[in-house]
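Please keep the sequence and the model in view while reading.

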Amino acid sequence: MQYKVTVVGAGNVGATTAQRIAEAELADVVMVDVLADLATGKALDMMEAAPVLGFNAKISGGGDYAPTAGSDVCVVTSGLARKPGMSRDDLLAKNTDIIREVTTQLVKYSPDTIIIMVTNPLDAMCEVARRVSGFPRERIIGMAGVLDAARMRWFIADALKISVQDIDAFVLGGHGDTMVPLPRYATVNGIPLPQLLAADKIEAINARTRSGGAEIVNYYKQGSAYYAPSAAVLDMVAAILHDKKKILPCAVYLNGEYGLKDLFVGVPALLGRKGMEKVIELDLSADEKAQLQKSADAVHELVTALPKF
Ligand code: NAD
């Protein structure tokens with residue numbers, strides 16, 4: 001393949017992302033995990049599907065970073081999930097250590113790469129990768145908004161009993177309870193959502209979108225969502241590698257846009273071959289602005305709680 005994508009973490013999100021990228025013949029994929037045999041085994045299992053499915057991309061896996069050298073895009077999904085008895089701060093400290101180590105290795109072998117962060121807490125882990133890599137903001141992008149918006153789009157399709165294909169929606173803010181679904185900017189083939197669905201039904205969709213991750217965790221009992229998250233990553237990787245100039249909601253390091261500075265927050269961004277090429281500023285109502293500020297405050301609190309390094 002013309003491109004190489006590294007996926008760090010061969011767990012649920014990482015392995016499914018690798019599978020989607022290879023099956024779409026978007027790039028060759030290198031999976032890295034501290035559980036080296038898990039990454040090797042999953043890569044081999046996927047390659048053994050290639051003759052049946054007929055894809056030509058190569059997937060390899062292991063614990064070593066040397067094979068990741070020269071990656072066009074690196075997707076980071078390595079991390080711990082919160083376990084019973086573990087505080088949010090403990091999780092923050094543990095995943096900070098993991099992202100520090102992983103970013104150092106990625107940058108060593110692929111100094112020109114574009115990093116797509118997936119590990120939670122998302123916005124704070126983007127900041128860790130930014131500090132460690134020293135990359136410009138164009139090359140560190142967090143995946144959250146594409147997933148949150150996809151959930152919202154599905155809930156709209158389900159409520160209206162129509163195809164998912166023509167539904168657009170935007171979700172701004174941090175990746176957590178304070179995210180800001182924007183029904184005013186949701187459309188069905190150009191028709192604004194508020195013209196098609198009653199206000200109380202829209203509010204129910206907003207609320208379900210905010211708790212979309214928790215809804216899946218409640219069903220799975222162990223682990224969290226990965227089919228939709230990996231699809232969201234695929235969309236971002238394809239937009240970058242194919243220089244699509246696609247506007248997607250992403251966690252981006254803001255530089256005064258939306259009145260926010262020096263903080264990763266989810267906003268519409270234009271993705272192309274250089275990574276995050278432009279932040280798109282929407283005209284927000286006073287209420288939407290207040291919600292975005294509250295969400296940014298929550299991200300700021302997490303970033304302030306990051307362990308010093
Ligand atoms: P998982 O437990 O299935 O996989 C995580 C993998 O990371 C494991 O295989 C583990 O061995 C590996 N790992 C741990 N430390 C490592 C290190 N130092 N180097 C390399 N690999 C290491 O978890 P998952 O379901 O795949 O989720 C991964 C992360 O993505 C979690 O933090 C989760 O919260 C997050 N997530 C984010 C979103 C989002 O919207 N941003 C969506 C879904 C999941």
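Is R273 buried, partly exposed or exposed? With a relative accessible area of 29%, R273 is partly exposed, because that class lies between the limits of 20% for buried and 50% for exposed. The model under discussion is predicted.

1. The partner of R273. The side chain of R273 meets that of D72 in a salt bridge, with 2.9 Å from N to O. This pair links distant parts of the chain, the two residues being 201 residues apart. D72 lies in the loop between β3 (59-62) and β4 (73-76), whereas R273 lies in the loop between β13 and β14. D72 counts as buried, at 17% relative accessibility.

2. E127 and R131 both belong to helix α5 (residues 122-133) and are four residues apart, about one turn of the helix. Their side chains meet in a salt bridge of 2.7 Å, N to O. E127 is buried, with a relative accessible area of 5%, while R131 is partly exposed at 41%.

3. A further salt bridge. D158 forms a salt bridge with K161, and their closest N and O atoms are 3.4 Å apart. D158 is partly exposed, with a relative accessible area of 30%; K161 is exposed, at 66%. Elsewhere, salt bridges that share partners join E127, R130 and R131 into one network.

4. A nonpolar patch. V34, L35 and L38 form a nonpolar patch on the surface, and together they have about 310 Å² of accessible area. L35 is located in the loop between β2 (28-32) and α2 (36-47) and is exposed, with a relative accessible area of 53%.

5. The division into domains. The protein chain is divided into domain 1 (4-142) and domain 2 (145-305). Their centres, taken over C-alpha atoms, are separated by 22 Å. In contact with each other are 33 residues of domain 1 and 36 residues of domain 2.

Terms used
Residues numbered from 1 in each chain as written. Predicted model: local features only at pLDDT ≥ 70, side-chain atom pairs only at ≥ 80, totals over all residues. Heavy atoms only, no water. Patch = residues over 30% accessible without salt bridge, like charges linked within 9 Å, V, L, I, M, F, W, Y side chains within 5 Å. Areas by Shrake-Rupley, 256 points an atom, 1.4 Å probe, with all protein chains shown as cover. Salt bridge = Lys/Arg side-chain N within 4 Å of Asp/Glu carboxyl O. Buried < 20%, exposed > 50% of the residue type's maximum accessible area, 1.4 Å probe, protein only. Domains from an automatic or database assignment. Contact = heavy atoms within 4.5 Å.
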